[in-house]
Amino acid sequence: MSTLSSHPPIVESPADPAHWEGLWLHEAETQAFAEQLAQGLGQWPGGRDARIELRGNLGAGKTTLVRHLLRAAGVTGRIKSPTYAVVEPHQAVNPTGTSDAVWPIWHFDFYRFNDPQEWEDAGFRDIFAGPGLKLMEWPDKVAGQLPPPDWVIALDAIDQDQRQVRISTGTERGRMWLQDWIQGADDAK
């Protein structure tokens, strides 16, 4: 008998998923995902203060996903890309009129940053310390400055319409949200 088979493992892999992969065949599936995500973020403990990194090449659909997510969360009015402004603040209004009726959402695009220190110089630490959903495109441009993301959503454009999607988690609460989200998707089948 080998020692490997006679002793229990010291470190075990978690039974709960730490990532999810899927394929969106067209933009309507991106929109449906965004609607499910907005609903989840509104219900999950701490979801309204989530930090979500969006990764992918130019044209992968990061901003499109954010636009659908903002609409699904209740943002009204024009939604523009923060490519030149670096950050666009939004206020989603919960139609229930509860005490948490206003939901601050921050959409960042760090594409134009040349040095991670620019994040600190811009005063973004205060925004990240406050309440609200933080959606971050091009987070690698500010490496080492951002707090750990709850979710990383990586998009890969297969063609004009299709997107390969991978969600991974960076925090314990993000892992719990992903587990809940996957369970909800399985229940809907």
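Mentor: Let's start with a term: two strands pair if DSSP finds at least two bridges between them. Helices (H or I, at least four residues) and strands (E, at least two) are DSSP runs, numbered from the N terminus. Also, this is a predicted model, where local features need pLDDT of at least 70 and side-chain atom pairs count only at pLDDT 80 or more, while totals for chains, interfaces and linings use all residues. Residues are numbered from 1 along each chain as its sequence is written, and side-chain values use heavy atoms, with hydrogens and water left out.

Trainee: How many helices and strands are there in the protein chain?

Mentor: The protein chain has 6 helices and 7 strands. Reading from the N terminus, the elements go α-β-α-β-α-β-β-α-α-β-β-β-α.

Trainee: What is the order of the strands in the open sheet?

Mentor: In general, strands of a sheet pair through backbone hydrogen bonds, either parallel or antiparallel. Here, the 7 strands line up as E1-E7-E6-E2-E5-E4-E3, with mixed pairing. E1 (19–24) and E3 stand at the edges with a single partner strand each, so one side of each has no neighbour in the sheet. On average, neighbouring strands are turned by 20° against each other, direction ignored. For that, axes are lines fitted to C-alpha atoms, for helices over the stretch in contact, and angles run from 0 to 180 degrees between N-to-C directions.

Trainee: Which strands pair with E5 in the parallel sense?

Mentor: E2 does, over 4 bridges, and so does E4, over 5 bridges. Look for Arg51, whose bridge partner in E5 is Lys134, and for Asp109, whose partner there is Glu137. For the antiparallel case, go to E6 and E7, joined by 7 bridges; Ala154 has Arg166 in E7 as its bridge partner.

Trainee: Where do the side chains of E5 point?

Mentor: The general idea is that in a regular strand the side chains alternate between the two faces of the sheet. In E5, Leu133, Leu135 and Glu137 point one way, Lys134 and Met136 the other way, and all are buried. Buried means under 20% relative accessible area, exposed over 50%, partly exposed in between (1.4 Å probe, protein chains only).

Trainee: Why is E5 largely enclosed by the rest of the structure?

Mentor: Because 5 of the 5 residues of E5 are buried. Across the protein chain, buried residues make up 41% of the 189 residues.

Trainee: Which residues touch the most other members of the largest nonpolar core?

Mentor: Nonpolar side chains tend to be buried together in soluble globular proteins. A nonpolar core is a set of buried Ala, Val, Leu, Ile, Met, Phe, Trp, Tyr and Cys residues joined through side-chain atoms within 4.5 Å. Among the 32 residues of the largest one, Leu41, Ile52, Trp151 and Ile153 touch the most other members. Elements giving two or more residues to this core include helix H2 (27–43), strand E2 (51–55) and helix H6 (172–188). A second, separate core has 13 residues, including Trp119, Phe124, Met136 and Leu146.

Trainee: What is Ile52 in contact with?

Mentor: Contact means heavy atoms within 4.5 Å. Apart from neighbours within four places in sequence, Ile52 meets Leu37, Leu41, Leu133, Lys134, Leu135, Met136, Trp151 and Ile153.

Trainee: Is Glu88 buried or exposed?

Mentor: Glu88 is buried, because its relative accessible area is 12%. You'll find Glu88 in strand E3 (residues 87–93). Not counting residues up to four places away in sequence, Glu88 touches Lys80, Ser81, Pro82, Ile105, Trp106 and His107.
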